[in-house]
Amino acid sequence: RKAGFSGAKTERMFELMDGFLKNDPVSLQKDILHHVEYTVARSRFSFDDFEAYQALSHSVRDRLIERWHDTQQHFKKKDPKRLYFLSLEFLMGRSLSNSVINLGIKDQCAEALSQLGFEYEVLAEQEGDAALGNGGLARLSACQMDSLATLDFPAWGYGLRYQYGLFRQIIIDGFQHEQPDYWLNFGNPWEIERVHVSYPVKFYGSVKEEVVNGKKCKVWIPGETVEAVAYDNPIPGYGTRNTINLRLWAAKPSEGLDIESYNTGDYINAIVNRQKAEIISNVLYPDDRSYQGKELRLKQQYFFVSASLQDIIRRFKDMHNNFDEFPDKVALQLNDTHPSISVVELMRVLLDEEDLSWKRAWNIVCKVFTFTTHTVLPEALEKVPMDLFETVLPRHLQIIYDINFAFMEELKNKIGKDYVRLSRMSIIEEGAVKNIRMANLSIVCSHTVNGVSKAHSELLKTRVFMDFYELWPEKFQYKTNGVTQRRWIVVSNPSLCSLISKWLGTESWIHDVDLLTHLKNHASIPELQHEWKMVKKINKMRLAEYIETMSGVKVSLDAMFDVQIKRIHEYKRQFLNILGVIHRYDCIKNMEESDRRKVVPRVCIIGGKAPPGYEIAKKIIKLCHAVAETINNDTDIGDLLKLVFIPDYNVSVAELVIPGSDLSQHISTAGHEASGTGSMKFLMNGCLLLATADGSTNEIIEEIGAENMFIFGAKINEVPKLREKESTIKAPLQFRRVVRMVRDGYFGFKDYFKSLCDTVENGKDFYLLGSDFTSYLEAQAAADRAYVDKEKWCKMSILSTAGSGRFSSDRTIEDYAEKTWGIKPCKLPL
Ligand code: F58
């Protein structure tokens, strides 16, 4: 039963609440102390940093909730078309620092705390990361949520509330070990549990044909029901009161009684069985690039999709009673293929529960879904074995058959009986094991298929989804990825943020990022250059301290900080980076003393997690440690070269590392990185890029100019030919020499590294490390030369930040809103 206030009661309510919460330091202090006493339940006369963090977070959260309520009321009143962003992964990182910036209360919080004897920065460090995702795709979702809120779009995100996020990486003797991420152990003040927002999600069972009201119907009799409970995470916009929602589902045992077990007296077992339901949202799958046959993965996907659609449909039905209006009110974004089962689920609901005809239901489905793919690797396209699908979701399989039958008929009409092509495009893959191709399903049922960069989109059209592009060229678009400048400059680099605002004479760039371009006019001014270098130095000091704490290695601030942080994967070529470091070491080692004085000192920093089951990626991490051990302890080398591995790379670590970097590497084999977003964060922070012409780098070149970057290596269209010739061409001598050092045990672990060396020699260098090595070294040498000329380097750095506006997720989201989702801002009046 809902209680409501109106008229005089509303006024009374406002009187009682004394209006909105106030943001001055004294009001914040009162709230913090209130939460210390009544939420954290500690004495207000004695609480520590963590308790102060909790109390501060609850005070901030109260302000978020106010805005959240007002926003949702406003959306309800205006009833605009809404976007629902469906994603199995969101890499949110910390919330406190981001929230206080977006609410515009950071200084007030800092002041309130300092009078209580606490330091804001110290408290912000108390928060652990919400790491409900693997890498680029998941962090992109988080950036896009920030932009959706800031741009006032009526949008919600939906995902899974994993109890264990991405594993923690610990390094023992240079080897990666995985530890569970108990991120909820100390509570999570940023979420609101909605015990009353829950939906049953069904699995297994069988389908029967029944006649209902003289009509033949398919009736699914499920074998298991699990309850999905909502947890809401408010996402505040910047410079607006709009606060949107990220609703994450947790699995709970269903309320239904297992009479059978209770009757047989097996009370304990009945309870244990119920608890098993919770497994569904227990753990995030680490990136395995293949989930073939993993039943739990399919159940996770369906669980979150089914709960989300029930919620979305309920909200739609609150206001409308004709499903033909559904596409005017709802846009459903599929973030990769992980939520693509939702197209089938919506068909099922419309057919079996809402009693719509196939034609009407299909017409609706085709108008609401949009699909973005984040990969170019064909092996990363998800497939679900048919027998597994049939066991878990029997009714859905029937619907897939029907969708595919209709699609194949349509296709035959267009292309004739080209059975080879028909079988390539079919949603069902025939063979010894039959599979459902989730990407084909998504393309057939979505009205738009987006790539994440221009180059990616070209590859989709000419290689990965060529057949579909020929059939439906109008479906294919691309939206170059972007990152939010709120998190990646304002939160993580406050000194740079102030400097930019000072020189632009405004803070407006924080929501109108194109203004950054005006920095170009000042790039050569000595005063700005001086201040710019000071900011970099402060950030390098912070990073150097962190490196020393984490790895015990002392690094010189005069050295160029050269960084590669991202997931470890062969195609991202951290191995190439390490071989380059070995080459540098080898050169310095064999130099005359007089030449050593000319060497530009470097600190090479690598960080990233290897997928737990990916042996070669794990060997790359070990190699990095083994090489570091040799170099860092070589007294001949001293500060001229250091190599450090930063353990447990995550969003918060990135916030510290990126502002302190001089150079960053994005060196994937061309044609393999769909977009890459790390490069954009470095760019915003005035860090120069050493990169291959892959993913979105080509677009960065268009903005910044190749002369302000260090571009090397084969181009996307050259790669296939080089691969063909690879077995017949000898790698350059320098390359063979450094690989030999590893092979011969110069860094120890000779047997262990053998299989790693095998991946780049004997005609098996699939990722073309050897073929790109010479031009890689040339790009590195160019970076050294540029670094010596401090003014030139600084100008390049300013121009990088100045040209980064196009890579804001604000631009990406505006593009999606206009060209793909058809949604408009719905701003809460101030
Ligand atoms: C990444 N994909 C792309 N996938 O590799 C990167 O180029 C792009 O910039 C980014 O998406 C955003 O578009 C990616 O991160 C995953 O993490 C998958 C998660 C599910 C398992 C397989 C990997």
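In which helix is the place of Arg-274? This is a predicted model, and in it Arg-274 sits in helix α9, residues 267-275. Because Arg-274 has 18 C-beta neighbours inside 10 Å, it counts as partly exposed. Arg-463 comes 189 residues away from Arg-274 along the chain, and the C-alpha atoms of the two are separated by 47 Å.

**The nine-stranded sheet**

Let us turn to the strands. Nine of them form an open sheet with mixed pairing, in the order β7-β10-β11-β4-β1-β12-β13-β17-β18. Strands β7 (192-203) and β18 (476-478) stand at the edges with a single partner strand each, so one side of each has no neighbour in the sheet. On average, neighbouring strands here are turned by 25° against each other, direction ignored.

Inside this sheet, strand β1 (residues 82-86) runs parallel to strand β4 (residues 155-160), and four bridges join them. Tyr-84 stands opposite Trp-156 in β4. Helix α3 (residues 49-78) packs on the sheet, where it touches β1, β10 (224-236) and β11 (243-253), and its direction makes about 100° with that of β11.

**The six-stranded sheet**

Another open sheet has six strands, ordered β21-β20-β19-β22-β23-β24, and its pairing is parallel. Its edge strands, β21 (641-646) and β24 (710-712), each pair on one side only.

Strand β20 (residues 602-607) is joined to β21 by six bridges, and the two run parallel. Cys-604 stands opposite Leu-643 in β21. Helix α25 (residues 615-632) lies across β20 and β21, running at about 145° to β21. Helix α32 (residues 769-788) packs on the sheet too, touching β19 (560-565), β22 (663-666), β23 (688-692) and β24; the direction of α32 makes about 170° with that of β24.

**A hairpin**

Strands β5 (residues 168-172) and β6 (residues 175-179) run antiparallel and are joined by five bridges. Ile-170 stands opposite His-177 in β6. Two residues lie between the strands of this hairpin, and Asp-173 takes a positive phi near 55° there.

|---|---|
| Ala-41 | positive, about 60° |
| Asp-648 | positive, about 50° |
| Gly-416 | positive, about 80° |

Ala-41 is found in the loop between α2 (25-38) and α3, while Asp-648 lies in the loop between β21 and α26 (651-657). Is Ala-41 buried or exposed? With 9 C-beta neighbours inside 10 Å, Ala-41 counts as exposed. Asp-648, in contrast, is buried, with 21 other C-beta atoms within 10 Å.

Helix α15 (residues 394-415) has 22 residues, which at 1.5 Å a residue should span 32 Å; its end C-alpha atoms are 31 Å apart, in agreement. Its buried residues are Arg-395, His-396, Leu-397, Ile-399, Ile-400, Ile-403 and Phe-407. What covers these residues includes β8 (206-212), β9 (215-221), α12 (341-353), α14 (386-392), β16 (435-437) and α17 (438-445).

Helix α23 (residues 574-589) can be checked in a similar way: its 16 residues should span 22 Å at 1.5 Å a residue, and its end C-alpha atoms are 22 Å apart, which agrees. In α23, 12 of the 16 residues are buried, so this helix is largely enclosed by the rest of the structure. Among the buried residues are Phe-575, Gly-580, Arg-584 and Tyr-585.

At what rough angle do the axes of α22 and α33 cross? Helix α22 (residues 526-551) and helix α33 (residues 790-802) have axes that come within 10 Å and cross at roughly 80°. That makes α22 roughly perpendicular to α33. On the α22 side, the contact is made by Leu-528, Gln-529, Trp-532 and Lys-533, and on the α33 side by Glu-791, Cys-794, Ser-797 and Ile-798. The residues of this contact divide into four nonpolar, two polar and two charged.

Note on methods: Residues are numbered from 1 along each chain as its sequence is written. This is a predicted model: local features need pLDDT of at least 70, side-chain atom pairs count only at pLDDT 80 or more; totals for chains, interfaces and linings use all residues. Axes are lines fitted to C-alpha atoms, for helices over the stretch in contact, and angles run from 0 to 180 degrees between N-to-C directions. Angles under 35 degrees count as roughly parallel, over 145 as roughly antiparallel, 65 to 115 as roughly perpendicular and the rest as oblique. Two residues are in contact if their C-beta atoms, placed from the backbone, lie within 7 Å. Ala, Val, Leu, Ile, Met, Phe, Trp, Tyr, Cys and Pro count as nonpolar, Asp, Glu, Lys and Arg as charged, and the others, Gly among them, as polar. Two strands pair if DSSP finds at least two bridges between them. The expected span of a helix is 1.5 Å times one less than its number of residues. A residue is buried if 20 or more other C-beta atoms lie within 10 Å of its own, exposed if 12 or fewer, and partly exposed in between; C-beta atoms are placed from the backbone.
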